[in-house]
Protein chains: 4
Amino acid sequence: MTRVAIIGGAGYTAVELIRILLRHPGAEIVAISDIQENRPHVASIHPSLTGRLDLCLEKLTPAEVAARAECAFCCLPHGVSASLAPQLLDAGVRVVDFSADYRLDSSEGFAAWYNQKHPDPGRLGKVPYGLPELFREQIRPVPLVANPGCYPTSAILPLAPLLKAGLIEPVDIIVDSKSGVTGAGRTPTLLSHYPECNESLCAYNLGRHRHTPEIAQYLGWAAGAKAEVLFTPHLVPMDRGILTTAYSRPRGSVTEQQVLETLGDFYANEPFVRVVERLPATKDSATTNFCDITARMVGGKVITISCIDNLIKGASGAAVQNFNLMFGHPETTALG
Amino acid sequence: MTRVAIIGGAGYTAVELIRILLRHPGAEIVAISDIQENRPHVASIHPSLTGRLDLCLEKLTPAEVAARAECAFCCLPHGVSASLAPQLLDAGVRVVDFSADYRLDSSEGFAAWYNQKHPDPGRLGKVPYGLPELFREQIRPVPLVANPGCYPTSAILPLAPLLKAGLIEPVDIIVDSKSGVTGAGRTPTLLSHYPECNESLCAYNLGRHRHTPEIAQYLGWAAGAKAEVLFTPHLVPMDRGILTTAYSRPRGSVTEQQVLETLGDFYANEPFVRVVERLPATKDSATTNFCDITARMVGGKVITISCIDNLIKGASGAAVQNFNLMFGHPETTALG
Amino acid sequence: MTRVAIIGGAGYTAVELIRILLRHPGAEIVAISDIQENRPHVASIHPSLTGRLDLCLEKLTPAEVAARAECAFCCLPHGVSASLAPQLLDAGVRVVDFSADYRLDSSEGFAAWYNQKHPDPGRLGKVPYGLPELFREQIRPVPLVANPGCYPTSAILPLAPLLKAGLIEPVDIIVDSKSGVTGAGRTPTLLSHYPECNESLCAYNLGRHRHTPEIAQYLGWAAGAKAEVLFTPHLVPMDRGILTTAYSRPRGSVTEQQVLETLGDFYANEPFVRVVERLPATKDSATTNFCDITARMVGGKVITISCIDNLIKGASGAAVQNFNLMFGHPETTALG
Amino acid sequence: MTRVAIIGGAGYTAVELIRILLRHPGAEIVAISDIQENRPHVASIHPSLTGRLDLCLEKLTPAEVAARAECAFCCLPHGVSASLAPQLLDAGVRVVDFSADYRLDSSEGFAAWYNQKHPDPGRLGKVPYGLPELFREQIRPVPLVANPGCYPTSAILPLAPLLKAGLIEPVDIIVDSKSGVTGAGRTPTLLSHYPECNESLCAYNLGRHRHTPEIAQYLGWAAGAKAEVLFTPHLVPMDRGILTTAYSRPRGSVTEQQVLETLGDFYANEPFVRVVERLPATKDSATTNFCDITARMVGGKVITISCIDNLIKGASGAAVQNFNLMFGHPETTALG
């Protein structure tokens with residue numbers, strides 16, 4: 001039984017994580033840390049957990065976390081996470097970090113996109129990116145894993161195998177993504193106010209969404225070359241799900257069949273990637289840890305369509321998948 | 001051409017009102033007052049108005065409003081409205097008040113339900129309630145009209161004719177209402193945060209919603225006796241629309257046919273009440289000033305079902321209907 | 001390992017049932033029967049099951065089902081189920097029946113509400129009603145269980161304990177229920193066509209919904225007297241969830257505290273009923289087997305509010321709970 | 001007063017058209033033709049029209065239509081329209097055709113994309129395309145106008161001015177469009193069944209949507225050269241609205257400012273195109289005849305974002321705009 005703590009327990013990724021861990025026969029939630037002063041019961045913040053988990057949200061020091069838990073899931077804002085994680089690691093706690101803090105290789109890149117100095121630059125470039133489909137063996141032994149962003153997961157999984165196989169060019173890649181509103185978090189804002197975003201669709205953060213460098217970095221890794229990616233996120237009136245339509249240029253005379261087979265072969269043994277012939281809908285993978293992928297060749301472009309649940313494969317499900325790898329549990333535990 | 005000002009221009013009732021008035025051949029919007037310091041353009045607050053209305057939201061004194069406008073629509077919170085309206089009235093501006101401030105007859109009732117002393121108690125009981133279907137002639141000549149609440153409109157229109165005709169008892173009335181989320185206003189809160197209220201349904205303010213005394217007062221007026229009403233509001237994942245299912249006890253041997261005929265006769269000449277045989281859906285009256293009503297006799301109870309658009313017949317459409325009466329425009333102008 | 005078959009595999013309750021059973025360590029799905037001729041793969045009907053269950057929908061005789069399975073979940077229309085179930089039972093298969101066929105005690109009641117002669121009248125009144133909270137011990141040993149309707153579950157769970165305790169009268173009960181659209185099934189109709197029911201709310205089947213006699217029968221059972229129930233279903237623009245607001249008359253001087261305590265005591269040891277102080281939202285119990293209940297005393301009435309996921313506690317989750325009882329699995333297996 | 005008939009009155013474009021025409025002081029709806037045998041009242045098909053229009057849906061011959069109306073709006077499926085329109089024209093009725101029948105220049109193109117022989121090939125290439133922003137003067141005098149498709153309107157309006165100005169290349173254009181579900185029509189299908197498409201997002205008809213050649217033809221017209229367009233439609237869980245994100249390659253050293261100014265200048269005097277700086281949401285133009293457009297230069301691509309209401313500017317509003325031009329009514333009548 002692995003004892004786990006959740007650091008930052010008030011958000012949507014935290015409650016989703018708790019729901020998954022409650023089904024996990026090898027994990028026990030022993031603490032939920034949060035900045036709230038009044039020690040609210042977890043069920044008063046997340047009513048769906050009533051009667052399922054009897055813990056309060058506490059302000060805990062890293063030492064207090066370490067006294068109880070072997071693993072900490074850090075559901076914290078960027079910047080905050082990299083200030084805390086080193087202390088947890090020093091105290092012997094292994095960490096799955098939901099923030100973007102350890103995803104980029106360089107502190108310059110981080111500073112440029114996040115407008116702040118990185119609190120822990122020495123670790124950058126050494127923390128495995130928590131996509132087991134690409135970095136499974138690197139994830140198993142380490143004390144710290146950088147859990148991927150939701151959009152990047154939806155973009156990297158379809159494109160990386162094609163770049164690795166040399167079927168598409170690493171430049172001129174357009175990633176047109178559409179996400180449900182839980183991706184915007186649990187803090188009420190006008191953008192996510194029901195009468196504003198219901199029955200409406202918009203693009204946002206055009207050309208400056210912070211998932212852009214993360215996508216580019218790992219597509220570049222797959223290509224073995226610098227990747228150029230144009231990323232356009234859209235907000236869709238639904239709770240969960242990301243659908244990513246990616247357009248790329250085939251290298252030479254590539255067929256649709258080749259693209260589908262390359263994807264199918266690459267993920268043949270993966271438990272959570274389904275390469276399908278039909279055009280997937282986000283609902284097919286909603287509330288699951290699956291990523292559904294298909295591809296078409298149209299008008300001289302390779303189009304990939306990929307769907308995930310942004311809170312599960314895009315966040316908390318991936319985190320548990322990483323946790324399973326790190327602590328020797330069967331990889332699919334609690335994710336079926 | 002009647003010159004009108006909108007006092008409190010940042011909310012949903014204001015933008016809906018503006019959209020209606022832009023279609024009104026006899027009204028000109030000359031000012032929009034608001035507490036915002038920076039004089040934002042109305043289109044920066046309400047993007048749908050881009051290119052349609054070239055005004056800024058200004059902080060205006062009652063005298064400044066009076067210098068420009070003959071009529072003010074006050075879209076203000078309760079308490080605030082009754083502090084400002086007297087000054088507007090003194091300055092010669094006629095007022096359609098969206099707040100609850102002048103709807104109740106007694107300052108004791110107001111204090112009990114709104115937890116504050118009424119700022120203008122002398123007018124209470126003398127301001128006509130802006131339901132033209134019941135108080136048309138009283139509305140025409142006055143300087144100040146109390147525009148009804150959205151839930152009360154949906155409850156009073158089906159029940160008042162039955163009480164007037166003595167077909168139902170004024171006690172033991174259950175008003176089970178279901179409203180879209182625009183009814184909660186434009187200020188972001190957790191209750192109206194998209195991922196909280198989307199795909200969810202809840203009751204709220206059970207036994208203490210402030211529309212309760214307003215419903216009771218006008219049902220009592222219709223019955224000529226004290227009315228006892230149990231009011232249960234629910235929040236429904238949709239933008240607009242209220243459906244009210246009301247249960248009442250028939251007085252003696254009343255038939256469904258009688259109930260439907262009484263309603264049909266009462267509203268035979270009303271431009272905005274449609275007594276229908278089918279069970280109406282809120283979508284039938286969405287974006288219109290109609291109230292759709294039907295009735296059934298089931299299990300010894302009279303059930304009425306009524307639907308309105310909460311922002312139109314429940315607020316801004318009713319306000320323009322009252323404005324039309326007050327200023328001698330054809331009653332249906334801009335509301336067709 | 002219990003071998004189970006699903007009879008009628010194309011609908012929403014079937015796919016929900018399959019998802020639950022795939023997490024069940026003691027159940028193996030060995031067959032899915034359906035009337036489709038072309039033996040479609042289950043994933044071609046239910047894309048969410050891609051890669052999770054490798055079975056085709058087959059036309060199977062009762063004998064063929066019996067050759068493979070110990071238990072059959074019958075997800076069939078009323079009338080059809082009671083024609084097939086006897087053959088399955090004769091062949092030694094135990095049956096959880098999702099239809100209404102075995103829920104009513106009398107063939108006259110069935111004929112009156114379902115407009116057809118009951119195919120298997122001899123069993124009526126002898127089949128336990130699959131609400132473990134009320135009939136746990138009766139369910140364990142039997143070959144056939146009548147899985148409850150979704151609305152009845154949401155109405156009976158809050159009201160039965162109050163009737164049993166004599167806190168409310170069995171007459172004059174109003175059950176105002178609001179359901180998500182999955183309750184209407186998977187066959188496209190205008191009522192469930194997205195542009196018709198999205199952003200809309202309506203009542204339907206007023207006074208003639210077939211769940212009415214089922215609610216009345218079990219409330220009568222709880223009261224030890226004939227119960228009179230007025231049932232009003234509404235269709236809400238969301239996928240899942242039922243919220244039932246029930247109004248009843250207290251017997252004597254009952255307090256809100258008494259009502260809440262009676263409910264709390266009755267369900268103190270139940271794994272899937274949560275008596276809460278807050279007003280529950282359907283989202284709190286969505287995708288779970290929980291029923292959330294609260295109560296208020298307002299205007300001389302007892303109001304209970306109860307929420308379930310119509311596809312889980314209202315159908316497939318309850319079915320697995322019954323299956324667990326019948327086959328000796330821990331009652332909460334696969335339902336956590 | 002222009003007497004108008006609606007041919008094909010049961011769909012969503014028809015009811016939207018009727019709502020608009022009811023506000024039109026210069027148009028009178030004199031007939032609604034449909035294939036239904038039983039002459040249903042229009043309000044029995046479209047409940048929102050109760051009390052607003054007292055007509056039945058009749059089976060009418062072209063001669064019967066001509067005896068009553070000067071103008072016919074044909075809301076018919078492709079193929080059917082081009083069989084009927086010639087007879088209406090011969091009988092002296094001017095026609096606004098909602099179908100795709102007269103949009104393409106060549107019968108070969110029509111046959112290739114619509115899998116049928118064109119019924120009236122002689123007119124192809126001579127019927128003006130009903131985008132007043134591009135073809136206003138051609139539309140005024142003619143007896144027949146081809147009302148544009150919804151997706152094409154959303155794609156052509158932002159791109160045509162840039163192609164005309166030579167700011168972007170006519171090749172390598174990607175049009176990634178997202179539409180609400182009313183675009184799928186009023187006939188219930190599994191794709192538009194509420195529980196299937198609610199809370200879900202999917203791409204459909206990849207590479208084979210019939211609006212592709214229409215977009216290409218008019219972008220080619222604007223460019224004065226063959227245009228190559230990749231068109232990807234997506235279905236979004238909302239009633240109305242299309243957001244089109246188009247990616248194109250700048251020709252030479254073009255700046256974002258230049259692109260925005262070119263669009264702004266081109267549409268400076270257009271009543272229904274708003275070039276905005278903010279990223280528009282579909283809700284800004286919902287229920288209006290506006291098209292909102294903005295542009296960004298990101299990663300070496302010109303990105304245009306454009307929003308329309310698919311039923312209004314994408315269908316019935318555009319039709320009335322064309323009607324206004326054809327019959328000499330002020331162009332914005334009933335569309336404000």
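So, polar contacts between the two domains of chain A: there are 10 residue pairs between domain 1 and domain 2, both partners at pLDDT 80 or more. By polar contact I mean a pair of N or O atoms within 3.5 Å; within protein, one has to be able to donate a hydrogen and the other to accept it, and residues adjacent in sequence count only if both atoms are side-chain atoms. On the side of domain 1 that touches domain 2, the elements giving two or more residues are helix H1 (12-22) and helix H5 (107-114) of chain A. H1(A) gives the most, with three residues. Helices here are DSSP runs of H or I, at least four residues, and strands are runs of E, at least two, numbered from the N terminus. By class, that side of domain 1 has six nonpolar, three polar and four charged residues. Nonpolar is Ala, Val, Leu, Ile, Met, Phe, Trp, Tyr, Cys and Pro, charged is Asp, Glu, Lys and Arg, and the others, Gly among them, are polar.

Quick housekeeping. This is a predicted model, so local features need pLDDT of at least 70 and side-chain atom pairs count only at pLDDT 80 or more, while totals for chains, interfaces and linings use all residues. Residues are numbered from 1 along each chain as its sequence is written, chains are lettered from A and ligands numbered from 1 in the order written, and side-chain values use heavy atoms, with hydrogens and water left out.

Back to the domains. The assignment, automatic or from a database, gives domain 1 (2-127) and domain 2 (150-310) in chain A. Their C-alpha centres lie 26 Å apart. In contact, meaning heavy atoms within 4.5 Å, are 13 residues of domain 1 and 14 residues of domain 2. Together the two domains bury about 1200 Å², with 49% from carbon and sulfur atoms. Buried area is the accessible area (1.4 Å probe) that two parts lose on being put together, summed over both.

Now, chain A against chain D. That contact takes 37 residues from each of the two chains, and about 3100 Å² is buried, 66% of it on carbon and sulfur atoms. On the chain A side, A:Glu199, A:Leu201 and A:Lys283 lose the most area, together 20% of what that side buries. There are four salt bridges across the interface; A:Asp172 with D:Lys301 is a salt bridge with its closest N and O atoms 3.7 Å apart. We also get 20 residue pairs in polar contact. The elements giving two or more residues on the chain A side include strand E7 (173-179), helix H8 (194-197) and strand E13 (301-308).

How are the copies related? A rotation of 180° with 0.0 Å of shift along its axis superposes chain A on chain D, RMSD 0.0 Å, by least squares on C-alpha atoms of residues with pLDDT of at least 70 in both. The two copies are therefore related as by a two-fold rotation axis. In chain A, the C-alpha nearest that axis belongs to A:Pro237, at 3.3 Å. And 100% of chain A's interface residues are also interface residues in chain D, so the copies meet through the same surface.

Key. A salt bridge is a side-chain nitrogen of Lys or Arg within 4 Å of a carboxyl oxygen of Asp or Glu.
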